[in-house]
Amino acid sequence: MKSLNAKVELNYLKLLFFLFGFLVMAWVPRFPEVKANLSISNGEFGSIVSSSVFGSIVALLTVGQLVHNYGAKLVMRIAAVLMALSSILLTSTHSTLIFLIGNIILAVAIASFHVSINAQGFDFQDRTKSRVITLLSGFWSSGALATAVVSGLLVNRIPLHIHIAILSLSILLIMLFVISSMDSHLLKPNLDVETDYKITDIFMGFRIDGLVSGALFCAGFLEFAVGDWTAIFVKEDIGIKSGLHTLPYILFIFAMIIGRLRVHNLFSRYSIQFLVKLGSLVSGTSFLLGILAMKLIPPNNKMLILFILCISFTIAGLGSSFLAPAVMDIANSRSASPASVVIGQLGVINNIAIFAMRLIIAWTAQAFSLSIALIIPALLLFTVPYFAKIFKRA
């Protein structure tokens, strides 16, 4: 196998992150159609989608050890296949039970690929001494943006199940090709008996870094909330039925891409601690003002509401863009464990917290309204400066 130079390897990593985002986020802008297929309420839909936490926790507890002991290639291949097949299942079924099972399988696949690809990114970062994690996250967001645009254009033109089936199988083939092309630099199975991770180490070696976990949850939950609810919020609460209902989400992701690709230019001028504090406050304020402004504008002025939300979501995306990757980076530097294990353990805590908050959002929306429920992630961002002390030595 021909060895790759650092530039080519990084380009392959960028492509994998892009394809990862493109595949897993393809169905999110079409959530209203998925919910309609199942004929359930906002609260029920939010609860079923939140069930993904069970699959995520299982994967996050185990995949870090599997990557460390058996290498990244096998894990990435299996995860890619499961992501594609479960995405097809979720967008073609009308059964809530099948959807529930498929959603858990998809979560296992996403978490597995997330751990393995980020571990590979940290390995590249350690070998080349270049900070690329935030950059790679930007390519993930680029994939999410590209697929959101495609999904928005295909609404009312191509049936959901056909769109996702063709896309999933196409992306899967490209992913498998890229993984094979990277074989010479993918993380290899651990051969050192002294550093081998056993099943018992999953629990005995589990470590909770409260400040890091709190920072990751509060800084990153807005992205989950926007992904879960924006399309439904704009379509059902504001009443915009066309493909324009995906525009605030698209602009949010676009702003995140710009922030993740360009924030490294600010590292030489400002401390990461200052940037995290500023970004979280700007993002939370913008998102909150956008939601509140919608309540003050007459409901018949839909395009004005959409315009304000687009500005609000854009600024919020830019401000929060680098927060979660920065926390992941500092989490790895604070731990002596392999990156794959750190990512998995941190992910377990984060997914449990996100599961609880997703339920709160879903049933707050059911009891009151989505506009009230979406205030919660903005308030979480205001707590991020408290956790910013973890960056003092960065």
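Let's start with charge pairs: the count comes to six salt bridges, taking a salt bridge as a side-chain nitrogen of Lys or Arg within 4 Å of a carboxyl oxygen of Asp or Glu. One of them joins Glu-9 and Arg-127, with the closest N and O atoms 2.5 Å apart. Why does this pair tie together parts that are 118 residues apart in sequence? Because Glu-9 sits in helix H1 (residues 6-24) and Arg-127 in helix H6. Helices here are DSSP runs of H or I, at least four residues, numbered from the N terminus.

A word on the source. This is a predicted model, where local features need pLDDT of at least 70, side-chain atom pairs count only at pLDDT 80 or more, and totals for chains, interfaces and linings use all residues. Residues are numbered from 1 along each chain as its sequence is written, and side-chain values use heavy atoms, with hydrogens and water left out.

Confidence next. pLDDT is the predictor's confidence in each residue, from 0 to 100. The chain's mean is 85, and 93% of residues reach 70 or more.

Now the domains. The assignment, automatic or from a database, gives domain 1 (4-196) and domain 2 (202-389). Their C-alpha centres lie 19 Å apart.

How many residues of domain 1 are in contact with domain 2? The count is 51, against 47 residues of domain 2, with contact meaning heavy atoms within 4.5 Å. The two domains bury about 4,100 Å² between them, 70% of it on carbon and sulfur atoms. Buried area is the accessible area (1.4 Å probe) that two parts lose on being put together, summed over both. Between the domains, the salt bridge count is zero.

Which helices supply the domain 1 side? H2, H3, H4, H6 and H7 each give at least two residues. The largest share, 14 residues, comes from H7.
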